[in-house]
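Work through the exercises below with the structure open beside you. Try each task before you read its solution.

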Amino acid sequence: MRKAGRHFLQIPGPSAVPDRILSAISQQTIDHRGPAFAKVGLRALEGLKTIFKTDEHVFIFPASGTGAWEAALVNTLSPGDHVLMYETGHFATLWKKLAEKLGLKAEFIEGDWRGGADPERIEARLAEDKGHEIKAVCVVHNETSTGSVSPIAEVRKAIDRANHPALFMVDTISGLASLEYKHDEWGVDVTVSGSQKGLMLPPGLSFNAASAKALAANKTAKLQRSYWDWADMLGPNKTGYFPYTPATNMLYGLNEAIDMLHEEGLENVFERHARHGAATRAAVRTWGLEVLCATQGQESGVLTAVKMPEGESADAFRATTLEHFDISLGNGLSKVADKVFRIGHLGDFNDLMLVGTLAGVEMGLKKAGVPHEAGGVQAAMKRLA
Ligand SMILES: *Cc1c(COP(=O)(O)O)cnc(C)c1O
């Protein structure tokens, strides 16, 4: 049966794609080796630097975020290298598994999935590593499975305090263009990101911003790589081209997205996400439910993961909201499967869309018979006013 009106895609990525980007993408594909393409390519490569806040190179891959995770590791490390990763949640766990499959020795600092990475624990572990066996520290900036944000600038300081030479790699696949991010100022060596979250694009592009130190490591790194090799990209990128067929239409969309972010102003974009996060948490508290992130000040403006009351199924609740209110909410992943649902409030999103989203959740809680207090939407409206 046809459902009238727009579907609410409130998962924490992909986020709904704005019409301006959809129409940019729908332009005719052009010759990616012809003269007209150079402008498109250069605009994207230069424009991305303003979003990552870097003067260094940003590599663009026609791949989902997972591809850029792999690219970050294979371009900088050698078989058997020891990498220190932090268990912020499901995505950190996936990145670790990927590292292990590549033949790296990945060590986890265990976490409880209720906050971001703890710089002090990273510092303590690095201080023990007198022989500098650890070659990279990998941290997820915005952990999309839990809605917690890691203090990236503080992790950098912790690495420096330990006086440790490891490369610092950050996954901000779901943080970029929603939360403040400063690749250069924060001293990150490789930043990994993707298209389908804060950048408001469909899935299909991902990125590596690389420091001079990371580019130097690329020259000696021995992990096998071909498709992901930065070295093959650098030459053609100088003039706006790529070593293989780029995702031309996605680059049209990327250029439009970068323009839109600057038209609004990045600071305003960050502020909007923070407000929407705060309003959502006000709603959750009023419902008498618990936010999964339990670390004050680390709650995400991108999404809010909500714990279901004991004995209630998050997936049954999500199925009810989809059936009756045509809204997709994010599911709980691995450890928290069926125990939490996630409300995405990222990308091209405004106050009324948030109020509609929260109304969908509140009506869904009632419809599914989940014990809660009414009035969450009112509390959010009050917070937004
Ligand atoms: C979405 C996401 C990924 C995975 O990206 P894919 O595009 O699904 O490959 C990795 N890390 C984080 C933090 C994410 O939010």
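The exercises go from domains to sheets, then to rings and backbone details. The model is predicted.

**Exercise 1. Domains**

Task: State which residues belong to domain 1 and domain 2, and how many residues of each are in contact.

Solution: 
- Step 1. Read the assignment. Domain 1 takes 8-15 + 265-384. Domain 2 takes 19-262.
- Step 2. The C-alpha centres of domain 1 and domain 2 lie 27 Å apart.
- Step 3. Count the contacts. On the domain 1 side, 32 residues take part, and they meet 34 residues of domain 2.

**Exercise 2. The sheet of five strands**

Task: Give the strand order of the five-stranded open sheet.

Solution: 
- Step 1. Write the order: β1-β13-β14-β12-β11, with mixed pairing.
- Step 2. Check one pairing. β11 meets β12 (residues 303-307) over two bridges, in the antiparallel sense. E290 has K307 in β12 as its bridge partner.

**Exercise 3. Aromatic pairs**

Task: Classify the ring pairs F52 with F207 and F59 with W230. Are F59 and W230 buried or exposed?

Solution: 
- Step 1. The structure holds ten aromatic pairs.
- Step 2. Take F52 and F207. Their ring centres are 6.1 Å apart and their planes stand at 75°. Planes over 60 degrees apart count as edge-to-face, so this pair is edge-to-face.
- Step 3. Locate that pair. F52 sits in helix α2 (residues 35-52) and F207 in strand β10 (residues 206-210). They are 155 residues apart, so the pair links distant parts of the chain, and it is edge-to-face because its planes are at 75°. Both F52 and F207 are buried.
- Step 4. Take F59 and W230. Their ring centres are 5.0 Å apart and their planes are at 5°. Planes under 30 degrees apart count as stacked, so this pair is stacked.
- Step 5. Locate the second pair. F59 lies in strand β2 (residues 57-61) and W230 in helix α8 (residues 230-237). The pair therefore ties together parts that are 171 residues apart in sequence.
- Step 6. Check burial. The relative accessible area of F59 is 0%, so F59 is buried. W230 is also at 0% and counts as buried.

**Exercise 4. A ring cluster and a charge**

Task: Which residues do ring pairs link into a cluster? Where does K197 lie?

Solution: 
- Step 1. List the cluster: F61, Y227, W228 and Y244 are linked by ring pairs.
- Step 2. Turn to the charge. K197 lies over the face of F91, and its distance from the ring centre is 5.4 Å.

**Exercise 5. Backbone details**

Task: Find the cis peptide bond between G13 and P14. Then examine the phi angles of S334 and D338.

Solution: 
- Step 1. Go to G13 and P14. The peptide bond joining them is cis, with omega about -5°. P14 lies in the loop between β1 and α1 (19-25).
- Step 2. Go to S334. This residue is not a glycine, yet its phi is positive, about 40°. S334 is in the loop between β13 and β14.
- Step 3. Go to D338. It is not a glycine either, and its phi is positive, about 70°. D338 also lies in the loop between β13 and β14.
- Step 4. S334 has 45% relative accessibility, so it counts as partly exposed. D338 has a relative accessible area of 29%, so it is partly exposed.

How values were computed: Residues numbered from 1 in each chain as written. Predicted model: local features only at pLDDT ≥ 70, side-chain atom pairs only at ≥ 80, totals over all residues. Heavy atoms only, no water. Pairing = 2+ DSSP bridges. Helix = DSSP H or I, 4+ residues; strand = E, 2+ residues; numbered from the N terminus. Phe/Tyr/Trp six-rings, centres within 6.5 Å; stacked < 30°, edge-to-face > 60°. Buried < 20%, exposed > 50% of the residue type's maximum accessible area, 1.4 Å probe, protein only. Lys NZ or Arg CZ within 6 Å of the ring centre and 35° of its normal. Domains from an automatic or database assignment. Contact = heavy atoms within 4.5 Å.
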